[in-house]
Amino acid sequence: MRYIPHSITMKINRQLWGKSSGGNEIYLYRITNEAGAYVELSSIGAGIVSVCVPDREGVLGDVVIGYDSPESYFGDGPCAGKCPGRYANRIAKGKFVLDGKEYTLPINNACNHLHGGPDGFQNQVWDSRVDGDAVEFMYFSADGEAGYPGNLKTVARYEWSEDNELTLTFTAETDAPTVLNLTNHAYFNLDGEGSGTVLHHILKLNASEYLPTDDTLIPVGASEPVAGTPMDFVTAKELGKDIEADFPALKYGKGYDNCFLIDGYQEGQIQSAAELYSPKSGRRLEVLTTQPGVQIYTGNWLEGCPVGKKGHIYHDYDAVAIECQHYPDSPNEPDYPTTVLRPGEVFGQAIIFAFSVKK
């Protein structure tokens, strides 16, 4: 884990943003550093609502898509900025076996279970609090919720630094064996949300292998090298350079929607996963994580989502999600890094979104 300087100048504001249909109070938090750059966080799905950082001219701009209305965050197709669960990404046919018992989960994406189902963590109001210079969100998922075993307590902790680094730390504990995969589903446009396509953004991945999938985006087993394919971002290139190539992964997802294996992964160790850069604004984002994989999703189905901030209408490819996580369908693939959490164990993972500029 890189050292993140502790600040005594961080300013945190909290406001009541609204209420859910069930009457739960929804809070919006803003953490502002000394330079005026800030992040906004919501108790809906422990979500990232805004990240306002400077471009190469020093002009602040919000670089994540989202909505002005809290109501729009419930059940939105893109899962904008939120933390899905219990299992981020897909589980094939909504079934898995754990310790000899089969569990059945709701189907909500073709024939598969996606992001914990329609009532996943992303569509729940989490408890929240300010803790020093951090904001913490907590969600208690009862045994049997969405078909998952075990009572599970999950905490998502966000810290914002003077260097414009947003650190998200997940911790979780269970009272019975379960499976767990957590990420954040923020979509980035480094020219500013609502500014149009990101296909000219330049992406570099610390990943020389990816997981091929079937046409429902379930991995079909072993990873394959990216070399010689449109999946190769080892050398930085524009997101749109090969996106229309005649290649199965790109046809299945109408763009990139695949999990890449992070080179040099070691359990518990922070590792660079991705670098995103916009030549237009000069903004740069490096994403680091303790997780073994990163799902790159080029916003292939943003069309028709709720009206965005300031009345913006988002279109396909207007933002890209960089989702650090364990691999899709891991509960059904014993050779993948395990996603099983047992009583007495503490789940712990971290993601760092480090923003900077290139002159």
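**View 1. An open, six-stranded sheet in a predicted model**. Reading across this antiparallel sheet, the strand order is β15-β24-β23-β20-β17-β18. The two edge positions go to β15 (187-188) and β18 (224-225). Each of these has a single partner strand, so one side of each is left without a neighbour in the sheet. As a reminder, strands of a sheet pair through backbone hydrogen bonds, in either a parallel or an antiparallel way.

**View 2. Zooming in on the β20 and β23 pair**. Here strand β20 (residues 257-261) runs antiparallel to strand β23 (residues 293-297), and five bridges join them. To find your way along the pair, pick out D257: its bridge partner in β23 is Y297.

**View 3. Stepping back to the whole protein chain**. The C-alpha trace spans about 55 × 50 × 40 Å along its principal axes. A compact globule of 359 residues would have a radius of gyration near 21 Å, and the 19 Å of the protein chain agrees with that. Among contacts with a separation of 6 or more, 65% link residues 24 or more positions apart.

**View 4. Burial, surface and charge in the protein chain**. Of the 359 residues, 58% are buried.

Methods:
Residues are numbered from 1 along each chain as its sequence is written. This is a predicted model: local features need pLDDT of at least 70, side-chain atom pairs count only at pLDDT 80 or more; totals for chains, interfaces and linings use all residues. Side-chain values use heavy atoms; hydrogens and water are left out. Helices (H or I, at least four residues) and strands (E, at least two) are DSSP runs, numbered from the N terminus. The radius of gyration is taken over C-alpha atoms; the globule rule is 2.2 Å times the number of residues to the power 0.38. Buried means under 20% relative accessible area, exposed over 50%, partly exposed in between (1.4 Å probe, protein chains only). Contact means heavy atoms within 4.5 Å. Accessible areas come from the Shrake-Rupley method with a 1.4 Å probe; for residues, only the protein chains shown count as cover. Lys and Arg count as positive and Asp and Glu as negative; His and the chain ends are not counted. The place of a charge is taken as NZ of Lys, CZ of Arg, CG of Asp or CD of Glu. Two strands pair if DSSP finds at least two bridges between them.
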